[in-house]
Amino acid sequence: MTWWDNETDGALMYPEKQPELSDEEKDNIQFRNPEGSALRGKWGQSWDFLVNIWNDVNPKATRTQFGDFHGHGWVFRNVYRTDRKGNLMTSRGTKIKPDDPEKFKKAVHLEDIHQKAGMHCADCHVGSDVHGNGNLYNEPRAAIQIDCIDCHGTIEKPATLQVSGPSAGTARFKGKVITVAKDLTRIKARDERNRQIPMFQRATPERPLKKKNPDGKEVEFKNGEIVQNSLVEPGKWWRVVQTVDTVTPGKRDYNDASAYAKTVQRDGKTWGDSAVGESKLAHANSNMACYVCHTSWTTSCFGCHLPMSANKQKPMLHNEGQDNLRNYTQYNFQTLRDDIFMLGKDGTVTGHRIAPSRSTCAILVGSQNQNREFIYSQQQTVSSEGYSGQAFSTYVPHTVSTSETKVCTDCHVSKANDNNAIMAQLLMQGTNFVNFIGRYAWVAAGREGIHAVVVTERSEPQAVIGSDLHKLAYPDEYRKHTSGGSLLEEAYEHQANGEALSIQVRGEYAYVANGPGGLRIYDIANIDNKGFSERITTAPVSPIGQRFYVKTKFAAAVASPTTLGVDPTRKHRPENQEAIYRDDKQPIHSLYAYLYVADKYEGLILVSAATLLDGNPSNNFLKRALTWNPNGVLNGASNITIAGTYAYITTERGAVVVVNISDPARPRLVAELSGFKAPGAVAVQFRYAFVVDGDGLKVIDITLPEKPRVIESAVVKIAGAKNLYVARTYAYVAAGAEGLVIVDIEKPDKPKLDLAFNAEGKINDAHDVKVGMTNNSLFAYIADGKNGLRVVQLMSPEDNPNIFGFSPKPGPRLVATFPMKGEALALSKGIDRDRAVDESGNQLSVFNRRGARPFNLEEMQRLYLRDGQLFTVTDDVPPRPRKQPTPPKTEAGGSEFAFTDLMAEGVWQSILSYLRIVL
């Protein structure tokens, strides 16, 4: 199970009439559930509703099934097997129709196999794991003694039945240090007659083992087989499958797929030999946790909003040393997904093995003072080491399965080339699907400056105005919105110092390319503060205290290398094991200290902006760090995108210029790709760069970034294409009079038109589009020229039964509009919530385990490159290799000798290597 998203099947969870609660009623709800949405939902207002949710709500639910509430008011839901488009699947892999009344019975409920078998937590986490071992640890996982191999063994040998986890053999007992690992066979359980028996029993010739199954039939176990007896339910037992038996032909538990996955070697071809040694194995136990492949699903919480309100007296819920507090903080999770699978390197205590990762504790903070002024609102945090506070963690999902496991194409490039977005997600480069737009959508409106448009409600759930969730949780406000023509009413603006052509918001600042006005930075820290009459300003301290602009001839576009708060100038402490003090010794890359401006006449301009994150307002005197345009290669520069250590710059003369910025002070021209018709923008996803120009959408293969290649056949004709946004398997194109055009890019080298949407002609001047997710719905924000800002709901649980898929088919619907003066030309991208690392392997977000991190570039490339060439896989298990025959003996007692034997044994290659050295 995972948390419910506060939206799916919401018609059953919110009252038809909008609640009006007294302060006392609010206090009572918040005492048992600090999550803000509970104030609006039935689950917060009625304890009886919460207790009976299984019986009363589940029979009526059409999109999900609710689980328990863990005693504290948070609602949980079941997780089911789906395909990538969100279709529910049976155990045989067949699709279930969305309107099938028995669909939840037919679908595979993705339970952990241990739970499904009836095991309890204590059956794995015995003794010390639960109650401690006398030592203090800096993180809970460091105190764990058990590991998978302790019960299931390895491909080489059966289980030792001795713990081998991080804290194995380090206990304290009666003041003495114990250095012997715990023997699981010495732990006692009870049989059906309540007699003491070993928790683990192994059948041997000396001690044959027989047990009665639940039907009363006697089961006899073969030599070496292991049985585990329940610690909680006397008489209950399980046969423990041994990994070595799953890879050994002829054994009861042998499975080709298991043998292939566990014995395939680093060449990606050879398999079947479990005795070759871990150094040759692709998935060695010393380098990869068992549950990487055996995890059926992982949960990710993309963002939790913690707004603090001053002057609200609340009782303490924990032992913090005082009876009450005066500052109350709600806990509001935002986007919860179970369709995501990401990998990283685990922490130091677990040996830096490859492990599943998730978004967790990705905090946005707000604070309201005693005058109810929002002194800051939904702001990012930055870790002490300089990484973004949109945090990630390696973890043990506890969703183990032997049937719904990960397959080859979940972690390697598919031979069908249909998992580019899957790979981007896996490597934590982000997919732009769950990005956070927030309360304000930021629009560049040419000569009319910049606008911050309120697009959501303030309270929780933070529904987008006009959306399905808005209708459910805010029925009164929804009726008012629709009766008024679905127009947004609140916005704040600032005049342009030139012509606002491009905008990117990050933290407390908006970076704007102002055409002839150059680069201008606006302080937007008080955008939500009613105490400020001018909420957007160019000089929050004074013109003497800082300079927030850089003059250029014609700033056409500005790019921040990330939407996250990353500060490469901060110092690092060895004990934190970050950056230069982690296992791969990689610092935060210096490219994140700059803003990148594409100037029509001057080319690429770098502006140092690191001081904007140091908290000191007196040193923000921005200036050029570099101007780069060798031989006029960037003349007519119109747009810029940063992906890792590469800048992709479009030019009016028909070229996409690729620049290496691995050393920002010394950019290097990589390629000048021609054949484009006035390209307007570039979007990058893993191995591909997508370009819009006068012809439509085109594709560049950047598998090898230093050798980009235009795919001539990959073209989708789109009239008036101006800008684009790539989110998972779709490219959203702002196409002028055509409105919003959606292109299917599941196979990036074979893009195809999915649909065009213009809201019956209302969207007819689309210049830009950005996509973001709120709760469990997806939205497109469109800069629609003279029509203003358009908000389009792309999908929601109400209208899309496949909402829990990795990339469900969008069904756009216009839900809100904000008319504005001038032309709506560009939008700010939202916060990247699933991007922990860039395309060049540079870490962006903090990891919550000491020593844990995302893959670096070399580690990423091992998954899809072999000897510098693309490596692809299928999910089919190749035929098991035949065992090599023993060479026949000669009369002299040696082996017959042939040239082919030299090649087979690698001797010839050794001779050639020797000759190369000698010669």
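What follows is a walk through this structure, one region at a time. The model is predicted, so a local feature is taken up only at pLDDT of at least 70 and a side-chain atom pair only at pLDDT 80 or more, while totals for chains, interfaces and linings use all residues. Residues are numbered from 1 along each chain as its sequence is written, and side-chain values use heavy atoms, with hydrogens and water left out.

Let's start with helix H1, which spans residues 23–32 and holds glutamine 30. Helices here are DSSP runs labelled H or I with at least four residues, strands are runs labelled E with at least two, and both are numbered from the N terminus. Glutamine 30 has a relative accessible area of 11%, so it is buried. That word means under 20% relative accessible area; exposed means over 50%, and partly exposed is in between, using a 1.4 Å probe and protein chains only. Leaving out residues up to four places away in sequence, glutamine 30 touches Leu39, Lys314, Tyr328 and Gln330, where a contact means heavy atoms within 4.5 Å. Take Gln330: it sits 300 residues along the chain from glutamine 30, yet their C-alpha atoms are separated by 8.3 Å. With lysine 314, the side chain of glutamine 30 makes a polar contact of 2.5 Å. A polar contact is a pair of N or O atoms within 3.5 Å; within protein, one must be able to donate a hydrogen and the other to accept it, and residues adjacent in sequence count only if both atoms are side-chain atoms.

Next comes arginine 77, in strand E2 (residues 76–77). Is arginine 77 buried or exposed? At 2% relative accessibility, arginine 77 is buried. Not counting residues up to four places away in sequence, the residues it touches include Met1, Trp3, Trp4, Phe66 and Phe804.

Moving on, helix H10 runs over residues 256–263, and its buried residues are Ser258, Ala259, Tyr260 and Thr263. Part of what covers them is helix H9 (243–246). At the start of H10, a side-chain oxygen of asparagine 255 comes to within 2.9 Å of the backbone nitrogen of alanine 257.

What about the cysteines? The structure has zero disulfides, a disulfide being a pair of cysteine sulfur atoms within 2.5 Å. For cysteine 290, the closest cysteine sulfur belongs to cysteine 148 and is 4.3 Å away, which is too far for a bond. Cysteine 304 is in no disulfide either, as the nearest cysteine sulfur, that of cysteine 301, is 5.7 Å away. Cysteine 290 is partly exposed at 29% relative accessibility, whereas cysteine 304 is buried at 4%.

Now for some strands. In a regular strand, side chains alternate between the two faces of the sheet. Strand E29 (residues 594–599) shows two such sets: Tyr594, Tyr596 and Ala598 point one way, Leu595, Val597 and Asp599 the other, and all are buried. On one hand, E29 pairs with strand E28 (residues 555–559) in the antiparallel sense over four bridges; two strands pair if DSSP finds at least two bridges between them. Valine 558 has valine 597 as its bridge partner in E29. A hairpin of three residues leads from E29 to E30.

Further along is an open sheet of four strands, ordered E36-E37-E38-E39 with antiparallel pairing. Strands E36 (681–685) and E39 (709–717) are at the edges with a single partner strand each, so one side of each has no neighbour in the sheet. Strand E38 (residues 696–701) pairs with E39 over five bridges, and glycine 696 has lysine 717 as its bridge partner.

Last stop, the nonpolar cores. The largest has 54 residues, and Tyr732 and Leu794 have the most contacts inside it. Such a core is a set of buried Ala, Val, Leu, Ile, Met, Phe, Trp, Tyr and Cys residues joined through side-chain atoms within 4.5 Å. Leaving aside neighbours within four places in sequence, leucine 794 is in contact with residues including Tyr732, Leu740, Ile742, Val771 and Phe779. A second, separate core has 35 residues, among them Ala557, Leu591, Trp628 and Leu634.
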